[in-house]
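Let us walk through this structure together, from its strands to its salt bridges and then to its inner spaces. Please keep the 3D view open as you read.

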Amino acid sequence: MTKKVPDGEYLLTKNNFQYTDGKIFSDEIPDLVAQKPNKNTLFVLPLGLAFYNMANPKYDTILKEYMTYPSEMRNQKLRDSLFVKYNHPEYVGKNLFWNRFFHTVGQAPVIYSDAKTKQSAKSINNRLINRGYWDSEVKTDVKRDSAAKKAEVNYIITHKDPTYIKEYYYNIPDPNIRSLYEFNLNKSIVRKGQILDETVLEKEINRINELMREEGYYKFNNDNQDIYFVADSLRGRKNVPVVMSIHRDSLDTPYRKSTIGKVTVSVANRLNDVNKLPLKDSLRGINILRKDSAYKPNSLWLPIILRPGDQYKQSNLDLTRRNLISMNNFTILKASDEFRKGSDSIIDVEYVLRPLPKYEFNIATDIHYSQILNFGFSPSVDLTTRNVFGGAENLVTSFSGVIGTTKDPKNPDAFFNAYELSAQASLLFPRLLVPFRRYYKVIPKKYSPTTSINLGASVQNNIGLGRINFNAGLNYFANVDDGRVQHRLTLFNTQLSLTQNKDRYYEYFPAEDLIRMAVFDWYRDVHPDVNTDNYSYDQISKMIINDQAFLASIPAENQDVINAFRQSLINKDRQTQDVIISSVIYNFTYNEIGKKDYKNPIYFSGKVELAGNALNLFTKNEQEDGVVSGNSKTIFKIPFSQFIKFDFDFKKYFTFFNDRVKPHTLAFRQFFGIGIPYGNSSSMPFVRSYFNGGAYDIRAWVAFGGLGPADSQLDERVRSYAMDNIKLTTSLEYRLPLTDMFETAIFTDAGNIWGLKDTGFGDQFKFKKFISQMGVGSGFGLRINIAYVTARLDFAYKMYDPNRPSGDRWVVDKIKPLQPTVNFAIGYPF
């Protein structure tokens, strides 16, 4: 590795950090070092250095200069000129491709530097002083190996006792500013008894700036001279009083609130074109300039939250900018806000917008994971058509496919044996699509209300049955409190689901077929005239279920088979049903995640769906709907579902070691869902029912992996595909960052599904029993953060299996460490 290390120099191989009194800020300190060794690839070897060394040393100077030229100039002529310049005419005309390649992808050796080591020690010491450790010391010890031409640096760090804030005072002469500060004093992050950490003082200054700018004080402390802290170190170095002062100037001139003046929105291709725009309008105080009528004035007025004469609030400026960007119609060439000339209280605001291209075409392929299709890939083609009707509406049409894997009993070795092809069209309106125009008097513009109309169709093949789905919906969306609260209302949400290959159900569920044939054989012994020559399988199944005398004659030891037969018929009805779902959905979300004021954020999502009531008023036609489902009303001979469904999802996050660059996180999730069929439905439709398992659920079980319902002792081959009406899931996960890229986690998941009523299989939800019926799984995981994507690999083990016989449900002693349930997914589980 020292091939290109000059004589008398040393390759820096390692930085060691020795903490004599605790690893305080140990995650920050290594980043302060100015000189770091060559990077190891995958924690193993410095491959970059190895590649660099593979290039011929004779060419190092030539290649370094060659790479300084623009790419369009790098050619054989340039190389030849450099060969001559550096007295190597014998290489003229030679390509030297591999030497150039290794030099480009490689990394030059990091040569140890005394100056950079001293600089690093000083930087570490300054950081510790900045964080409140005024008496800290940083020493260095360099180990040089002259024979190997290598060096290691040891940084020996002693923090000593920190300096604390003995008393905290504030001096604010302006009574209005002082009143605002005192009203929000409980939010101050500087307190008596804390370590005197300058980074905390800086955060407090930022908090005060934001508070004042939100209360009308434009560019408050804009030059960072108005707010300052003074620590009286003359009274001691370990406990010092601190005073925070806010002064506008040496004369303590009072601060003055500002108001919004002229607001101008221009649509132009260049900034220089603004003064030449021919169309000039004024709509409710907003000046609108355009080159043509491609965009209606109202579409440019709606995203502007500002109004002339209103008190200045920085959040309104920020929200207006976000609204303009979220329209996906413009690039913002200019967004300015300045005091009007000659005024110190009136702010004029100007936005110059350049229209984006009318059409945008994208092709992509993504890694895909879902509960049903498991791992696969997803190619997609999207076409965006902007400003369809002149009101900044966007039409997004997309064609996509998912090709993946699923469990196929007929062909367990098949790899890509599942797919889904879909076409979707979404028409997005940056406003509410309602029959009255001045809706903003009821729903203010600051809520950024939007509307979308969605139409789609998909063809899906999972385990051979397959589905054809059609969907449509009208969606309204609004943000409240800077996105912390969100409302979504979906009207006319309609889904038509048609099942293919129904008559081949038992081919794809052979375990259920074995149970069915066993029961058929028993029935033929009693009724030899009932056979497949005279009746269909479904007709025979219905005869058996309705023949009480036959069922009563089954010996006790065979009752489990009869119960499994009943459940298999329920599974078949659910999974082969054709159904129309026409519903209204309301979704409320409260989300503190990503909001800087919340160190331990919470998330709550509540959704209610009401389906089938309108259809039930307009039809009386009935037909048979499955073997055990009975008769149902139909639309175009297709049954429709009638139900009400509630989903509640609560998440809470606790952060620890917040003084570190990457704190630890304890994440908690509680999900509860219940679907109540009524009227035209005796059970929830397949696409709205609950099941267990998978990468985002109880990870010790795969999706449809045999957990539930309840503690049912049904044959697992049938029980695995059972779905039900109630779901409860609790998860706890502790996340530990390792590096900027890698993170590990340990977790426990618990939960199950239940029925609303007793179907004879022991799946009814009962308050006295549900805790003991929850499956429990634990494990550990690895997360890899690449760009903006988090890839996740979780390894989970069953701890408590409620579907095993009583007394044998704790299975910790049966764990096989090398045989976990492996879950791959994109993103965190919750």
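The paragraphs below take up strands, charged pairs and cavities in turn.

This is a predicted model, in which local features need pLDDT of at least 70, side-chain atom pairs count only at pLDDT 80 or more, and totals for chains, interfaces and linings use all residues. Residues are numbered from 1 along each chain as its sequence is written, and side-chain values use heavy atoms, with hydrogens and water left out.

Start at strand E6, residues 239–246; helices (H or I, at least four residues) and strands (E, at least two) are DSSP runs numbered from the N terminus. Six of the eight residues of E6 are buried, where buried means under 20% relative accessible area, exposed over 50% and partly exposed in between (1.4 Å probe, protein chains only). Strands pair if DSSP finds at least two bridges between them. E6 runs parallel to E4 (residues 164–171), with six bridges, and isoleucine 165 stands opposite valine 240. With E5 (residues 227–231), E6 pairs in the antiparallel sense over five bridges; here isoleucine 227 has isoleucine 246 as its bridge partner.

Now for the charged pairs. The structure holds 45 salt bridges, each being a side-chain nitrogen of Lys or Arg within 4 Å of a carboxyl oxygen of Asp or Glu. In one of them, arginine 256 and aspartate 344 have their closest N and O atoms 2.9 Å apart. This pair links distant parts of the chain, 88 residues apart. Arginine 256 is partly exposed at 49% relative accessible area, and aspartate 344 is partly exposed at 39%.

Which residue does arginine 783 meet in a salt bridge? Its partner is aspartate 794, at 2.6 Å from N to O, and both residues are buried. Aspartate 794 also forms a salt bridge with arginine 699, at 3.1 Å.

Finally, look inside. There are four cavities of 30 Å³ or more; on a 1 Å grid over the protein atoms alone, a cavity is a set of points where a 1.4 Å probe fits but cannot get out, and lining residues have an atom within 4 Å of a point. Grid points are joined across faces, edges and corners, and a volume is the space filled by probe spheres set on the points. The largest cavity holds about 130 Å³. Of its 14 lining residues, Gln577, Asp625, Ser632, Ser681 and Ser683 are the closest to its centre.

Methods
On a 1 Å grid over the protein atoms alone, a cavity is a set of points where a 1.4 Å probe fits but cannot get out, and a pocket is an open set with protein on both sides within 12 Å along at least five of seven lines; lining residues have an atom within 4 Å of a point.
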